[in-house]
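Biologist: I have a model on screen and would like to learn how to read its features. Please take them one at a time.

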Amino acid sequence: MKHHEHDQLQSLARIGQDYPQLMPCDKRLQRWVELLEGDPDRVLSTLHETEYQPATVRAAIRCNNSAISVAFSDPLLRAAGLGNDTYGEAKRFFELSDRQLHRIVCSCHFGAIVSAAKVARYIRAKHIDRGQGVWGRLRGLFA
């Protein structure tokens, strides 16, 4: 048996799109932010009072045109394993706690609607640029 790196396999064989592609969590979050930033003026719906729902109900919550549905509409994130646009699936796929996801998608933080740009800024600040500190974020603005 001959062993090949994943990149080499791409040129040697056709890998089916239904096979989940490996994508680290930070890359998944980055991709989500890029999708939201791609249409920054898009008005998104938020999920209503997720913190008051029992865990089983909360996991199944979804709504059309939410930040989660933006992620689910992306073929790359679906190929990486995002199974649907529910709260529970987003929590699992993006490896977020209830508190973290609640702050991204719940109406109590943004109101009934929110711009895609505002959600993207929040995710970037709290989950992507978080470890860089103030100087790292400023450096990123000018790089």
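Biologist: Which residues line the second largest pocket?

Modeller: A pocket is found on a 1 Å grid over the protein atoms alone, as an open set of points with protein on both sides within 12 Å along at least five of seven lines, and lining residues have an atom within 4 Å of a point. Here the second largest pocket is lined by Ser97, Arg99, Gln100, Arg103, Tyr122, Lys126, His127 and Arg130. Its volume is about 160 Å³, where a volume is the space filled by probe spheres set on the points, with points joined across faces, edges and corners. Bear in mind that this is a predicted model: local features need pLDDT of at least 70, side-chain atom pairs count only at pLDDT 80 or more, and totals for chains, interfaces and linings use all residues. Residues are numbered from 1 along each chain as its sequence is written, and side-chain values use heavy atoms, with hydrogens and water left out.

Biologist: How many residues of each class are in that lining?

Modeller: Ala, Val, Leu, Ile, Met, Phe, Trp, Tyr, Cys and Pro count as nonpolar, Asp, Glu, Lys and Arg as charged, and the others, Gly among them, as polar. The lining of the second largest pocket has four charged, three polar and one nonpolar residues.

Biologist: Which helices each supply at least two residues of this lining?

Modeller: Helices are DSSP runs of H or I with at least four residues, strands are runs of E with at least two, and both are numbered from the N terminus. For the second largest pocket, helix H7 (98-105) and helix H9 (116-128) each supply at least two lining residues.

Biologist: At what angle do the axes of H7 and H9 cross?

Modeller: Two packed helices are described by the angle between their axes and the distance between the axes. Axes are lines fitted to C-alpha atoms, for helices over the stretch in contact, and angles run from 0 to 180 degrees between N-to-C directions. The axes of H7 and H9 cross at roughly 150 degrees and come within 9 Å. Angles under 35 degrees count as roughly parallel, over 145 as roughly antiparallel, 65 to 115 as roughly perpendicular and the rest as oblique. H7 and H9 are therefore roughly antiparallel to each other.

Biologist: Which residues meet between H7 and H9?

Modeller: Contact means heavy atoms within 4.5 Å. On the H7 side are Gln100, Arg103 and Ile104, which meet Val119, Tyr122, Ile123 and His127 in H9. By class, this contact has four nonpolar, two polar and one charged residues.

Biologist: What lines the largest cavity?

Modeller: A cavity is a set of grid points where a 1.4 Å probe fits but cannot get out. The count comes to one cavity of 30 Å³ or more, and the largest cavity has a volume of about 40 Å³. Leu44, Ser45, Thr46, Leu47, Ser66, Ala67, Ile104, Val105, Val114 and Val119 line the largest cavity. Strand S1 (43-45) and H7 are the elements that give two or more residues to this lining. Its residues divide into seven nonpolar, three polar and no charged.

Biologist: Is Val114 buried or exposed?

Modeller: Buried means under 20% relative accessible area, exposed over 50%, and partly exposed in between, with a 1.4 Å probe and protein chains only. Val114 has 7% relative accessibility and therefore counts as buried. Val114 lies in strand S2 (residues 113-115). Not counting residues up to four places away in sequence, Val114 touches Arg42, Val43, Leu44, Thr46 and Val119.
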